[in-house]
Amino acid sequence: MADDVITVLHRQHEEIRTLFAEVESAAGDERKDAWYRLVRLLSIHETAEEEIVHPAVKRVNGGTPIVDARLAEERRAKELLSTMDGIGPQAEGFDTLLVQLRDDVLAHADHEEQAEFPLLRKVHGQERLEAMASAVRTAETIAPTRPHPGVEGPIANLLTGPMLAVVDRARDMIRKVSG
Ligand SMILES: [Fe+2]
Ligand SMILES: [Fe+2]
């Protein structure tokens with residue numbers, strides 16, 4: 001049986017939890033590396049949810065307020081992530097922001113798992129959920145790798161996402177060669 005969208009997103013939530021723990025416990029270059037992997041994963045994960053998952057839940061009866069609350073959480077997290085991406089993991093005050101980001105992001109993931117994903121499971125069959133997993137993977141290949149607060153809607157993501165992704169991937173490469 002292929003993975004369904006809920007399994008894929010759950011697994012990514014686990015990866016996000018693990019990466020937060022890594023950033024918190026690592027030092028020096030290892031910490032920097034874990035942090036940049038976390039920024040990348042969070043950026044592509046939230047973009048895929050905004051393009052594929054939230055719109056599907058919005059169409060379910062009673063889904064709109066649940067999705068709107070998740071989008072507000074995503075926007076707040078992206079703003080904080082963007083600030084932290086700007087100052088970098090060596091900056092003074094970064095650790096305090098990291099605790100706040102971790103608490104916000106993990107609470108957000110719990111809300112998705114408890115309030116949002118069950119609605120998807122209720123209204124869609126296994127086949128549809130598996131197709132959505134493929135759509136999520138595709139969305140992630142063209143998603144921006146850096147946080148862009150204010151770009152939370154599926155249309156906004158689709159219009160600006162591929163362009164931002166090109167810019168982000170170029171910045172990632174520059175960051176890699178310049179250390
Ligand atoms: Fe999310
Ligand atoms: Fe999520």
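The legends below describe close-up views of a predicted model. Local features require pLDDT of at least 70 and side-chain atom pairs pLDDT 80 or more, whereas totals for chains, interfaces and linings use all residues. Residues are numbered from 1 along each chain as its sequence is written, and chains are lettered from A and ligands numbered from 1 in the order in which they are written.

**View 1. Overall fold of the chain.** The chain contains six helices and zero strands, where helices (H or I, at least four residues) and strands (E, at least two) are DSSP runs numbered from the N terminus. Of its 179 residues, 33% are buried (20 or more other C-beta atoms within 10 Å of the residue's own, with C-beta atoms placed from the backbone).

**View 2. The largest nonpolar core.** A nonpolar core is a set of buried Ala, Val, Leu, Ile, Met, Phe, Trp, Tyr and Cys residues joined through C-beta atoms within 7 Å. This one has 18 residues, of which V5, I52 and V136 touch the most other members. At least two residues each come from α1 (5-25), α2 (28-58), α4 (94-123) and α5 (126-141); α2 gives the largest share, six residues.

**View 3. Surroundings of I52.** Beyond its neighbours within four places in sequence, I52 is in contact (C-beta atoms, placed from the backbone, within 7 Å) with M132, A135, V136 and A139.

**View 4. The second core.** A separate core of 15 residues includes F20, A77, M84 and A109.

**View 5. The kink in α2.** Helix α2 has a kink of about 45° centred on E50, the bend being the angle between axes fitted to the seven residues ending there and the seven starting there.

How values were computed: Buried ≥ 20, exposed ≤ 12 C-beta atoms within 10 Å, placed from the backbone. Contact = placed C-beta atoms within 7 Å.
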